[in-house]
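Reader: I am new to reading structures. Could we go through some features one at a time?

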Amino acid sequence: MSSLFAFPNPVNEFAARTTAALVVLLAVVTAVTGSVWGLVAIAVGFWLRLLFGPRISPLAVLSVKVITPRLGKVKLVPGPPKRFAQGIGAAVSTAALLLFASGMGPGAWLLLGVLVVAASLEAFAGFCLGCTIFGFLQRRGVIPEDVCEACNNISLRRS
């Protein structure tokens, strides 16, 4: 059962960035069309990546199996911060969906904009906002050190 909910560690940063770029694309199309189904797809995608890693999410499968191998780039980074970032994306996208369903469209589109900014930072600048928050919480003891030893021990990091 634990393998069902496994998340890769380490993660190819370029695959994560490619997935983030696809999230940006889907979010922009969703905003332009005003589609509730786009919000559903974004939220479901984040939940699938959070719970099952990149094995089930259509955007992640496309990134990991099709696009990233063609790029030929690999940079391994710790998985737990990336999973934490997916959790933030799941929470924000679900909140946007719930706001939209409650008739509070402007709030939903504002949260979608937050997702676009965060995913754009990851995709185009290589800056993972969720990973930064993870590190901040880990340094303050909110997230135990053993959750990501590679995050704390520079000798365990790969370049």
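Predicted model: local features only at pLDDT ≥ 70, side-chain atom pairs only at ≥ 80, totals over all residues.

Reader: Let us begin with disulfides. How many disulfides does the structure hold?

Author: A disulfide is a covalent bond between the sulfur atoms of two cysteines. The structure holds two.

Reader: Which residue does the disulfide of Cys-128 join to it?

Author: Cys-128 is joined to Cys-131, with an S to S distance of 2.5 Å. The cut-off for a disulfide is within 2.5 Å.

Reader: What is the handedness of the disulfide of Cys-128 and Cys-131?

Author: Look at the torsion about the S-S bond. For Cys-128 and Cys-131 this torsion is about 70°, so the disulfide is right-handed.

Reader: Are Cys-128 and Cys-131 buried or exposed?

Author: Buried means under 20% relative accessible area. Cys-128 has 11% relative accessibility and therefore counts as buried. Cys-131 is buried too, because its relative accessible area is 19%.

Reader: And the other pair: how far apart are the sulfur atoms of Cys-148 and Cys-151?

Author: The sulfur atoms of Cys-148 and Cys-151 are 2.1 Å apart, and the two residues form a disulfide. Here the torsion about the S-S bond is about 75°, so this disulfide is right-handed. Cys-148 counts as buried because its relative accessibility is 3%. Cys-151 counts as buried at 18%.

Reader: What pattern do the disulfides of the protein chain follow?

Author: Count the bonded cysteines along the chain. The pattern is then 1-2, 3-4.

Reader: Now helix pairs. How do the axes of helix H1 and helix H2 cross?

Author: Take the distance and the angle together. Helix H1 covers residues 13-33 and helix H2 covers residues 36-52; their axes come within 9 Å and cross at roughly 160°. That angle makes H1 roughly antiparallel to H2, because angles over 145 degrees count as roughly antiparallel. The crossing of H1 and H2 is left-handed.

Reader: Which residues in H1 and H2 meet?

Author: From H1 come Thr-19, Val-23, Leu-26, Ala-27 and Thr-30; from H2 come Gly-38, Leu-39, Ala-41, Ile-42, Phe-46 and Arg-49. By type, the residues of this contact of H1 with H2 divide into seven nonpolar, three polar and one charged.

Reader: How do the axes of helix H4 and helix H6 cross?

Author: The steps are as before. Helix H4 (residues 79-101) and helix H6 (residues 129-139) have axes that come within 8 Å and cross at roughly 110°. This makes H4 roughly perpendicular to H6, because angles of 65 to 115 degrees count as roughly perpendicular. H4 and H6 make a right-handed crossing.

Reader: Which residues in H4 and H6 meet?

Author: Pro-80, Pro-81, Lys-82, Phe-84, Ala-85 and Ile-88 in H4 meet Gly-130, Cys-131, Ile-133, Phe-134 and Leu-137 in H6. The residues of this contact of H4 with H6 comprise nine nonpolar, one polar and one charged.

Reader: Next, single residues. How far apart are Phe-14 and Ser-63 in sequence and in space?

Author: Read the two separations side by side. Phe-14, which lies in helix H1, is 49 residues from Ser-63 in sequence and 8.8 Å from Ser-63 in space, C-alpha to C-alpha. Leaving aside residues up to four places away in sequence, Phe-14 touches Thr-68, Lys-73, Val-74 and Lys-75.

Reader: Where does Ala-15 lie, and which residues does Ala-15 touch?

Author: Ala-15 is in helix H1 and is buried, with a relative accessible area of 9%. Ala-15 touches Ser-63, Val-64 and Thr-68, again without residues up to four places away in sequence. Thr-68 is also touched by Phe-14. Ala-15 and Pro-54 are 39 residues apart in sequence, and 9.5 Å apart in space, C-alpha to C-alpha.

Reader: Is Val-24 buried or exposed?

Author: Val-24, in helix H1, is buried at a relative accessible area of 9%. Beyond residues up to four places away in sequence, Val-24 touches Val-116, Ala-119, Ser-120 and Phe-124.

Reader: Last, is the peptide bond from Asn-9 to Pro-10 cis or trans?

Author: The angle to read is omega. From Asn-9 to Pro-10 omega is near 10°, and the peptide bond is cis. Pro-10 lies in the segment before strand E1 (11-12).

Definitions and conventions
Residues numbered from 1 in each chain as written. Heavy atoms only, no water. Buried < 20%, exposed > 50% of the residue type's maximum accessible area, 1.4 Å probe, protein only. Axes fitted to C-alpha atoms, helices over the stretch in contact; angles between N-to-C directions. Helix = DSSP H or I, 4+ residues; strand = E, 2+ residues; numbered from the N terminus. Parallel < 35°, antiparallel > 145°, perpendicular 65-115°, else oblique. Left-handed = near helix turned anticlockwise from the far one by under 90°. Contact = heavy atoms within 4.5 Å. Nonpolar A, V, L, I, M, F, W, Y, C, P; charged D, E, K, R; others polar.
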